[in-house]
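Me: I have a protein model open and want to learn how to read it. Can we begin with charged side chains?

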Amino acid sequence: MKKKVAIVGAGMIGLCSAYYLRKKGHEVIVIDDHDGYGGASVGNAGFLCPSHVVPLASPGIITQGIKWMLNEKSPFYIKPRLNKELISWGLKFKKAATAEKVKTAAPFLHQITTASQKLAEQLLEDEKIDAGYNRNGLLMLCQSEKELHHEQEAADIAKGFGQSAEILTPEEVAKLNPGLDLNICGAVYFPNDTMINPHIFLKEFQKVLKADGVEFMFNTKIKAFEKENGEVTGLVTSSSTIKADDYVLAAGSATSQLLRLLGVSLPMVGGKGYSFTVNNPPATPKVPAILADGKVSMSPMMDGLRFSGTMEINDLNSAINHKRVQGIIDTVTSFLPQFKKSNFTDIKPWSGFRPCSPDGLPYVGKSKKFSNLTVAAGHAMLGITLGPVTGDIVAKIINEEPSDMDLSLLAVDRYN
């Protein structure tokens, strides 16, 4: 049966949901409170990485995080404040950061990241979108033996699911990236990982969706919900009330705030990340990489070399913290001796919020409270990676089709 579906959020998750819903013949409208390019999807590293099967909540992360919190330039920082929701989230995160939880989550993460990469490749081919798809793999570059050992352990987990992973010497890394000087002791190489230019992809993807009949309403803020008898019956904005048969909340870090208007609790915090692009870098790698010791991503884009990183948990304040940006620059110059201070004088830092659930897994599914409300949020650093598979899952849920995956780990009400 053809339905009208209203999707809140025009990031990777919202657009992929619109795409697969349209393929099933539904009428779709996408609402966003920005101009369509304001969410976390636009400025990130663009990785599609089935190698990343260990969730954010993992053993050792809390101890490391406490050490990092003492330094405002570090990869991870929580703004100290008394906040009941943040404390509750932190306690849930601690409970999830165990070897047993990772053992449960890892095989499922492998299943959905692998499926999503295949869907992404099919989407790019079918829609003829040129977004600089890079098939050269992903390098985890390490300066310390301790970090290299840590990355080897993560690689061993990925290899257990059939992912290819190689331990490389600095000389072997240099052969993959000719002309790029690196200050490293070694690396882990995942040849099956890929990347896109997210800002270019989203712009072209919007064109595809508009041409296929998807309606967009930008700069439109949701003020309230109309509801009746266990169903959402309308989205109230400052200018109108939007009516639909089904509703999808894919608004990233703002999703939990929107759900509060419906009396639904969704434990989630916004982890602010930063990025900037060096348009004329002294050297450009062929292989995307993560500078592992500093948790900084290095993505060769069509318009320059993008660096991104940090996880700053604050109160959704979008202001640029220049100490955090400097922390990324310090990591880059430490790993890449060819980069000098002068290479960063013209950068325009960007920030966006990654929606982080306590256990590192997204929320995708129906709310028990409202029969026609589907939530798709909480993807943390994997929004680009998991966008296509999430959109496919959302479309199947609304189309009332069975899934070939066990989606219980993504349950929206798993903390209620």
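This is a predicted model: local features need pLDDT of at least 70, side-chain atom pairs count only at pLDDT 80 or more; totals for chains, interfaces and linings use all residues.

Me: Which residue meets E85 in a salt bridge?

Reply: R260 does, with N and O 2.8 Å apart. E85 sits in helix α3 (residues 84-96) and R260 in helix α8 (residues 255-260), so the pair ties together parts that are 175 residues apart in sequence. E85 is partly exposed, at 47% relative accessibility. R260 is also partly exposed, at 43%.

Me: Where do E226 and K243 lie?

Reply: E226 is in strand β10 (residues 222-228), and K243 is in the loop between β12 (241-242) and β13 (246-249). These two form a salt bridge, with the closest N and O atoms 2.7 Å apart. The parts they tie together are 17 residues apart in sequence.

Me: Which residues are linked in a network of salt bridges?

Reply: K3, D246 and K366 are linked in one.

Me: Now cysteines. How many disulfides does the structure hold?

Reply: A disulfide is a covalent bond between the sulfur atoms of two cysteines. This structure holds 0. Take C16: the closest cysteine sulfur, in C49, is 15 Å away, too far for a bond. C49 is in no disulfide either, as its nearest cysteine sulfur, that of C356, is 14 Å away. C16 is buried, at 0% relative accessibility, and C49 is buried too, at 4%.

Me: Last, the sheet. What is the order of its strands?

Reply: Read across the 6 strands of this open sheet: β9-β2-β1-β13-β20-β19, with mixed pairing. β9 (215-217) and β19 (363-367) stand at the edges with a single partner strand each, so one side of each has no neighbour in the sheet. Neighbouring strands are turned by 20 degrees against each other on average, direction ignored.

Me: How many bridges join β19 and β20?

Reply: They pair over 5 bridges, in the antiparallel sense.

Notes: Residues are numbered from 1 along each chain as its sequence is written. Side-chain values use heavy atoms; hydrogens and water are left out. A disulfide is a pair of cysteine sulfur atoms within 2.5 Å. Buried means under 20% relative accessible area, exposed over 50%, partly exposed in between (1.4 Å probe, protein chains only). Two strands pair if DSSP finds at least two bridges between them. Helices (H or I, at least four residues) and strands (E, at least two) are DSSP runs, numbered from the N terminus. Axes are lines fitted to C-alpha atoms, for helices over the stretch in contact, and angles run from 0 to 180 degrees between N-to-C directions. A salt bridge is a side-chain nitrogen of Lys or Arg within 4 Å of a carboxyl oxygen of Asp or Glu.
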